Amino acid sequence: MIDTARVLQHLHLVLVASFATTIIGVALGVLTYLSALLRPVILWIADILQTIPVLALLGLVMVFFGPTATTVIIGIVLYSLLPVVRNCYVGLEGINPALKEAARGMGMTKLQALLWVELPLALPIIFAGIRIAVVTSIGIAVFGNVVGGGGLGATLTNAIRTQNMPVLLWGTLSLMVMAIVFDTAMGFVEKRLKSRNT
């Protein structure tokens, strides 16, 4: 049977990385929206990071942080930034200009309009990007075993090496259930956010 500690370790990697991805991704998305000068640079870097093979990216991070869970978390964050950054920018850019003008007409500063009008309106699209990043990170975290991060990657690697098919099956099913649960739950929240803005 599957080791519960490995499942919890995998969840820990995913949740910590997803939280960091959300904070950093939204901040970069807002910066991309506000700065026409930095926009192409940020989007280009986010694009490049996702084109690098996962193992190569983890290996590069390991050079600086060693074979630890920190390496896995940083690797997941770097690899998952693109959907959050891009969706945040697209969501903010796609807001009706009349609504932006109305907020300014009510006496709001640019920062107040961003925080109280624009970000709430863009939230469904931003959350869709976060959903993609979270579900993606579940699969990426499997490679964490290669750089000493543990999680279900260690269970699957050992099962393949020893040809333990029951453990391999349970490990694979655990990943599938984890991905489906997160995707379904976040999909439900995303629909609620969309219905609230209509």
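Modeller: A residue is called buried when its relative accessible area is under 20%, exposed when it is over 50%, and partly exposed in between, with a 1.4 Å probe and protein chains only. The model is a predicted one, in which local features need pLDDT of at least 70 and side-chain atom pairs count only at pLDDT 80 or more, while totals for chains, interfaces and linings use all residues. Residues are numbered from 1 along each chain as its sequence is written, and side-chain values use heavy atoms, with hydrogens and water left out.

Colleague: Which residues of H7 are buried?
Modeller: Helices (H or I, at least four residues) and strands (E, at least two) are DSSP runs numbered from the N terminus, and H7 covers residues 152-162. Its buried residues have a cover that includes H1 and H8. They are Leu 152, Gly 153, Ala 154, Thr 155, Leu 156 and Ala 159.

Colleague: How many helices and strands are there in the protein?
Modeller: Read from the N terminus on, the elements run α-α-α-α-α-α-α-α. The C-alpha trace spans about 65 × 35 × 20 Å along its principal axes. The count is eight helices and zero strands.

Colleague: What share of the residues of the protein counts as buried?
Modeller: Contact means heavy atoms within 4.5 Å. Among the contacts with a separation of 6 or more, 76% join residues 24 or more positions apart. Of the 198 residues, the share that counts as buried is 42%.

Colleague: Are H1 and H4 roughly parallel or oblique to each other?
Modeller: Helix H1 (residues 4-34) and helix H4 (residues 69-93) pack at an angle of about 40°, with their axes 6 Å apart; axes are lines fitted to C-alpha atoms, for helices over the stretch in contact, and angles run from 0 to 180 degrees between N-to-C directions. Angles under 35 degrees count as roughly parallel, over 145 as roughly antiparallel, 65 to 115 as roughly perpendicular, and the rest as oblique. The two helices H1 and H4 are therefore oblique.

Colleague: How do the residues of the contact of H1 with H4 divide?
Modeller: H1 passes H4 in a right-handed crossing; a crossing is left-handed if the near helix is turned anticlockwise from the far one by less than a right angle, and right-handed if clockwise. Ala, Val, Leu, Ile, Met, Phe, Trp, Tyr, Cys and Pro count as nonpolar, Asp, Glu, Lys and Arg as charged, and the others, Gly among them, as polar. The contact of H1 with H4 divides into 20 nonpolar, six polar and one charged.

Colleague: What is the hand of the crossing of H2 and H4?
Modeller: Helix H2 (residues 39-51) packs with H4 at an angle of about 140°, and their axes are 7 Å apart. Residues that meet there include Ile 42 and Leu 43 in H2, and Leu 78 and Tyr 79 in H4. The crossing of H2 and H4 is left-handed.

Colleague: How many nonpolar, polar and charged residues has the contact of H1 with H6?
Modeller: H1 and H6 pack at an angle of about 140°, with axes 9 Å apart, and are therefore oblique. Their crossing is right-handed. Among the residues making the contact are Val 14 and Val 26 of H1 and Leu 114 and Ile 126 of H6. By class, the contact of H1 with H6 has twelve nonpolar, five polar and two charged residues.

Colleague: How far apart are the end C-alpha atoms of H8?
Modeller: The expected span of a helix is 1.5 Å times one less than its number of residues. The 33 residues of H8 (residues 165-197) should therefore span 48 Å. The end C-alpha atoms agree with this, being apart by 48 Å.

Colleague: What phi does Gln 163 take?
Modeller: Gln 163 lies in the loop between H7 and H8 and counts as exposed, because its relative accessibility is 63%. Most residues other than glycine have a negative phi. Just after H7, Gln 163 takes a positive phi of about 55°.

Colleague: Which residues does Gly 91 touch?
Modeller: Gly 91 lies in helix H4 and is buried, with a relative accessible area of 5%. Its C-alpha atom is 47 Å from that of Gln 163. Not counting residues up to four places away in sequence, Gly 91 touches Ala 122 and Ile 125.
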